[in-house]
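With the structure open in your viewer, follow the stops below in order, selecting each part as it is named.

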Amino acid sequence: AAGGGRAAAADQRNRRKDKHANTPKEPIGATGIPERERILLSVYFPVARSRAPEFHVLSTHWTVGKAVDVLAERGGVINRNNQPGAEPLCLFNKAGVALNRSSYLEDCVIQGQLEGGAAVVLEYGAALVNHDPAALQGSDDLRKDCVVC
């Protein structure tokens, strides 16, 4: 069992180094979100999902909870956050801090917990295990294009 934990941790570190499935100039989800509300994020999906990270546009007027719901739907990730006792699906910033589900993305930006172009992790559980922020790639060159950065 202990060896499996180490293997899973190594898999998580390697998984985070995957190349993105799309480019920052062709993010998923921009349609229907007014430009002034858009925030570009580099989204890393749950390790068990084996999905390459993707650039997504979200609305800064959404709560973190809504962002989790939308990203789970876009990424084909099972989300049981509405079921009591289920393992929570959470959104973590690059530093590995879980964002409060009731906070608005705009407030997360204002409070310095999130910035445009940054990497975020969608993962099960209340904390990230063996998290390496250096392994996550954001889009530093596009921060200037984000309205709320």
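Begin by colouring the protein chain by pLDDT: confidence is lowest in helix α1, residues 2-15, with a mean of 46, and highest in α2, with a mean of 98. This is a predicted model, and its chain averages a pLDDT of 85, with 81% of the residues scoring at least 70.

Select residues 1-11 next, where pLDDT stays under 50 and the model has two contacts beyond four places in sequence. Then select residues 141-149, where the pLDDT is also below 50, although this stretch has 22 contacts in the model beyond near neighbours in sequence. Where pLDDT is low, the predicted coordinates should not be read in detail.

Now move to α2, a helix of twelve residues that reaches 16 Å from its first C-alpha to its last, close to the 16 Å expected at 1.5 Å a residue. Its buried residues are V64, G65, A67, V68, V70, L71, A72 and G75, and what covers them includes β1, β2, β3, α3 and β4.

Which members of the largest nonpolar core touch the most others? Among its 27 residues, they are L58, L91, L114 and L122. At least two residues of this core come from each of β1, β2, α2, β3, α3 and β4, and the largest share, six residues, comes from α2.

Methods:
Residues are numbered from 1 along each chain as its sequence is written. This is a predicted model: local features need pLDDT of at least 70, side-chain atom pairs count only at pLDDT 80 or more; totals for chains, interfaces and linings use all residues. Side-chain values use heavy atoms; hydrogens and water are left out. A nonpolar core is a set of buried Ala, Val, Leu, Ile, Met, Phe, Trp, Tyr and Cys residues joined through side-chain atoms within 4.5 Å. Buried means under 20% relative accessible area, exposed over 50%, partly exposed in between (1.4 Å probe, protein chains only). Helices (H or I, at least four residues) and strands (E, at least two) are DSSP runs, numbered from the N terminus. pLDDT is the predictor's confidence in each residue, from 0 to 100. Contact means heavy atoms within 4.5 Å. The expected span of a helix is 1.5 Å times one less than its number of residues.
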